[in-house]
Amino acid sequence: MAVTLSSGFKMPLVGFGVWRVEGKDIKDLVINAIKIGYRHFDCAADYKNEAEVGEALAGAFQSGLVKREDLFITTKLWNSDHGHVFEACKDSLKKLQLDYLDLYLVHFPVATKHTGVGTTDSALDEDGVLEIDTTITLETTWRAMEDLVSKGLVRSIGISNYDIFLTRDCLAYSKVKPAVNQIETHPYFQRDSLVKFCLKHGVSITAHTPLGGAAANTEWFGSVSCLDDPVLKGLAAKYKRTVAQIVLRWGIQRNTVVIPKTSNLKRLEENFQVFDFELTKEDMDQIKSLDRKHRTNTPGKFWGIDLYA
């Protein structure tokens, strides 16, 4: 099951997100994910585990478990590399041991002080506030992203964490349209207007944090997880599924790609088992009513700046 991007390439509807997966766990998880049926892997330079993912992928190719053309690999340009897009992409490709990326995303719509290609630091000033680079526009960054396509390093390019207005701007100045906007969206943070705007204009949506971040985001950001919601628990009982499966199925049925993260093999299997049932319209509407406009992933906490003020 896949969505066809505006670039013409197909992106599988369910991917494995490797954020906050420790390097030592990556190899087995990636290999097991491939065996389960995953063909879409979502990475980022900032996750600091591209090299370990690359070792796992190389092993999978060498053993004949899967071919490169069978997989859809995404990674992302970090904020500190907006002025060094080509070099950053090459660095990611080297770590991932790949000749090309299926999708390369601008991780956040902000350029910050360059700290060296691949270091993915977030430099703070003496007041503990993020050092934002005011000399690089998002359009300049996008032009460099477009060059990657013409050079054959990247098949599709996209954006991440862009709101409606920044997405509109990108659509206006782009020669190669953004194929994807990867955003936080889940039952407690549905962002219907942004999702509908993007889909209307041919920008596919990937839902990062599709389960609301659960324990990871509660630990880092003090957020509330939708997985404990009584309505979702009731639907899980009704369909004889896990709450996570209900939430992921909801995401798929609203035409978003989902990339759940887990380090647990059982959950890795469960998260992929979402294609053999369907939620009714009434149940979809019930989940729609749960929206709290509750953002669970707030990296600005570490940057001394409110990104969404």
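Helices (H or I, at least four residues) and strands (E, at least two) are DSSP runs, numbered from the N terminus. This is a predicted model: local features need pLDDT of at least 70, side-chain atom pairs count only at pLDDT 80 or more, and totals for chains, interfaces and linings use all residues. Residues are numbered from 1 along each chain as its sequence is written, and side-chain values use heavy atoms, with hydrogens and water left out.

**View 1. The open sheet.**
Eight strands make up an open sheet, in the order β3-β4-β5-β6-β7-β8-β9-β10. Their pairing is parallel; two strands pair if DSSP finds at least two bridges between them. β3 (16-17) and β10 stand at the edges with a single partner strand each, so one side of each has no neighbour in the sheet. Within the sheet, β5 (residues 72-77) and β6 (residues 101-106) pair over four bridges. Threonine 75 has tyrosine 104 of β6 as its bridge partner.

Five of the five residues of β8 are buried, so the strand is largely enclosed by the rest of the structure. Buried means under 20% relative accessible area, exposed over 50%, and partly exposed in between (1.4 Å probe, protein chains only). In a regular strand the side chains alternate between the two faces of the sheet. Val180, Gln182 and Glu184 lie on one side of β8, Asn181 and Ile183 on the other, and both faces are covered. β7 (residues 154-160) pairs with β8 in the parallel sense over two bridges. Here isoleucine 159 has asparagine 181 as its bridge partner in β8. From β7 the chain crosses through α5 to β8, and this β-α-β crossover is right-handed. That term means that, with the strands pointing away from the viewer, the path from the first strand over the helix to the second runs clockwise. On to β9, five bridges join the parallel pair β8 and β9. Glutamine 182 stands opposite threonine 206 in β9. The β-α-β crossover from β8 through α6 to β9 is right-handed.

In α6 (residues 192-200), the buried residues are Leu194, Val195, Phe197 and Cys198. Seen down the axis, these residues fall within an arc of 165 degrees, so they line one face of the helix. The arc is that of the directions from the helix axis to the C-beta atoms. Ser193, Lys196 and Lys200 are exposed on the other side. The buried residues pack against α5 (164-173), β8 (180-184), β9 (204-208) and β10 (256-258); contact means heavy atoms within 4.5 Å. Just after α6, glycine 202 takes a positive phi of about 80 degrees.

**View 2. The nonpolar cores.**
A nonpolar core is a set of buried Ala, Val, Leu, Ile, Met, Phe, Trp, Tyr and Cys residues joined through side-chain atoms within 4.5 Å. The largest one has 76 residues, and those with the most contacts inside it are Phe41, Tyr104, Met145, Leu232 and Ile246. Helix α9 (residues 243-253) gives the most to this core, with seven residues. Apart from it lies another core of eight residues, including Leu194, Val195, Val203 and Ile205.

Tyr47 carries the annotation "active site" in an unreviewed UniProt entry. UniProt positions are given in the numbering used here, feature names are shortened, and annotations may be inferred rather than shown by experiment. Tyrosine 47 sits in the loop between β4 (40-42) and α2 (50-62). At 15% relative accessibility, this tyrosine counts as buried. Not counting residues up to four places away in sequence, tyrosine 47 touches Val18, Trp19, Asp42, Lys76 and His107.
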